[in-house]
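I opened the model today to look up a few side chains, the strands and the domains. My notes follow.

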Amino acid sequence: MSTAGSASRRWSIPLLTLAVPVGFAVWAFPDGLAPLRVAGIVTGWLGCGLLLVSLLLMLREPRLAAWLGGLERMYRWHHVTGIAAYVLLLLHPLALAANNWSSSPKVAWQTLSPSTESWQVWSGWLGLLLLMVGLATTFVRRIRYGTWRWLHALLGLGVLIGLVHLILLGIDEPVVPILAVAGAILGWRLIRGDLGLGARPYLVTSARPLAERSVEIALRPLGEPAIVFPGQFVLVEFGDGRRYRGCGEFHPFTVSAIRAGNELHLAIKALGDCTSKMLAIEAGVAARVIGGFGGLIEPRDAGPQLWIAGGIGVTPFMAVLNAGPLLQPTRLLYLYRTEADAAFLPELRAAASAEPNLTLHCAATGDDLPDLDKLLPDASRLSGTECYLCGPPGLVAALKSVLAARGVAARHVHYENFEFR
Ligand SMILES: Cc1cc2nc3c(=O)[nH]c(=O)nc-3n(C[C@H](O)[C@H](O)[C@H](O)COP(=O)(O)OP(=O)(O)OC[C@H]3O[C@@H](n4cnc5c(N)ncnc54)[C@H](O)[C@@H]3O)c2cc1C
């Protein structure tokens, strides 16, 4: 990774997040109005700009993701910009109402009240309400992922209605192009990401049980292969086979090995409805692949590395081991519930005896969060080490705080959560 490349990746999203809303606010900055009215207008435009950035960050395009520092980073900023936009858009009518308070409380209330105002205002409230429902779902873990996605999509509708609200208010000059851009981004995501128009066709050539409730699936490209590097993840949708019925959705899986002929290997653990079905997948099933994205482990300086895998989070580390000899001393701490549940144990033990740079430490930890204080190396052995973490979000969060407590700076901790919400 070049320094210029990594700098552009680090700064591209913050710059976009700053430039688009500030650009809107500067463009729309009104002269000669009361300060509160100015605040109302500016917060509206800042929120509008942030929403546009938030929409852009949910696109699933490999090149865009590479430029913006990875899909996972895009998701994190998608949430932050979405929430910031919502707060600003809530302040927008409040500031306008506060400005009207000087005329009379009744006029101030009329600015806010959807029942007494015209439906130009009403549409603004509807947009905000849909945004709120879409955003609230981000924090609700219990609803099914499919239901969550539909509810979260209300955000997109909220953005479109919010822009229509501006057009109804007669502010159509910059709004129509913004509406067109927002519509194009949403359409792009729907057509290329969700319906898979940007996906490459593949065929399942084999499926073998890997551990309890885990399966390894090999995929052969049927045309031009997706551009994937070891350790990256892809979005895959499986179609129907003779007995197998796909669930018609794209799911993220890390490529655990890339074999001759660009054959991709995925190790999949049954963690929900769709992945449970995948245990019964059979050769001959058609698949569609979008990606690759991300890459937890990138070639960095030659210092020692600590890899920590939780359960099926071992896949990016397997990918690096499968890609060739290790260049730096590497310690892999592999945490799983039970031996029967752990994928790739024989392969990892074989790699540890064949690979002089690899030290393997495996631990069956049961169902509860393990005692990380005991399992992690002490501070003196962590100094100068790059740490890579992959697994369920709860484990990754706990690992990050133990590493921080042992003096490992955040820039030396790299992680991938196996969850997108
Ligand atoms: C970057 C990344 C890499 C991953 N690599 C692997 C891997 O190598 N092997 C493996 O077994 N698992 C991997 N996962 C996890 C895997 O994607 C989920 O277990 C799977 O999507 C669950 O789907 P489900 O319908 O069976 O379960 P559900 O019960 O429906 O979902 C369980 C959780 O998985 C997530 N999820 C579900 N569907 C999707 C989707 N379409 N897109 C994004 N997230 C979704 C949601 O957070 C949800 O809460 C990875 C996840 C991510 C984000």
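In which helix does His-78 lie? I found His-78 in helix 4 (residues 71–101). Helices here are DSSP runs of H or I with at least four residues, strands are runs of E with at least two, and both are numbered from the N terminus.

Before going on, I noted the ground rules. This is a predicted model, in which local features need pLDDT of at least 70 and side-chain atom pairs count only at pLDDT 80 or more, while totals for chains, interfaces and linings use all residues. Residues are numbered from 1 along each chain as its sequence is written, and side-chain values use heavy atoms, with hydrogens and water left out.

**Entry: His-78.** I checked burial next. His-78 has a relative accessible area of 7%, so His-78 is buried. The cut-offs are under 20% relative accessible area for buried, over 50% for exposed and partly exposed in between, with a 1.4 Å probe and protein chains only. I then listed contacts, meaning heavy atoms within 4.5 Å. Leaving aside neighbours within four places in sequence, His-78 touches Ser-54, Leu-57, Met-58 and His-152.

**Entry: Trp-27.** Is Trp-27 buried or exposed? Trp-27 has 54% relative accessibility, so Trp-27 counts as exposed. Trp-27 lies in helix 1. Not counting residues up to four places away in sequence, Trp-27 is in contact with Glu-173 and Pro-174. I also took the C-alpha to C-alpha distance from Trp-27 to Pro-174: 9.3 Å in space, for 147 residues in sequence.

**Entry: aromatic pairs.** Rings of Phe, Tyr and Trp (its six-membered ring) pair if their centres lie within 6.5 Å; planes under 30 degrees apart are stacked, over 60 edge-to-face, and the rest tilted. I got four aromatic pairs by this rule. For Phe-24 and Trp-45 the ring centres are 6.0 Å apart and the planes stand at 90 degrees, so this pair is edge-to-face. Phe-24 sits in helix 1 (residues 3–28) and Trp-45 in helix 2 (residues 35–56), so the pair ties together parts 21 residues apart in sequence. Both Phe-24 and Trp-45 are buried. Next I looked at Tyr-334 and Tyr-336: the centres are 4.9 Å apart and the planes at 75 degrees, so this pair is edge-to-face. Tyr-334 and Tyr-336 are both buried.

Entry: How many strands close into the barrel? Six do, in the order 1-2-5-4-3-6, with antiparallel pairing. From one strand to the next, the twist averages 45 degrees. Axes are lines fitted to C-alpha atoms, for helices over the stretch in contact, and angles run from 0 to 180 degrees between N-to-C directions. Two strands pair if DSSP finds at least two bridges between them. I picked strand 2 (residues 214–221) and strand 5 (residues 263–269), which pair antiparallel over six bridges. Val-215 stands opposite Ile-268 in strand 5. Helix 11 (residues 315–323) lies across strand 4 (251–259) and strand 5, at about 20 degrees to strand 4.

**Entry: whole protein.** I counted 15 helices and eleven strands. Of the 421 residues, 49% count as buried. The C-alpha atoms fill a box of roughly 80 × 55 × 40 Å along the principal axes. The assignment, whose bounds come from an automatic or database source, gives domain 1 (3–194), domain 2 (200–293) and domain 3 (305–417). Taken over C-alpha atoms, the centres of domain 1 and domain 3 are 39 Å apart.
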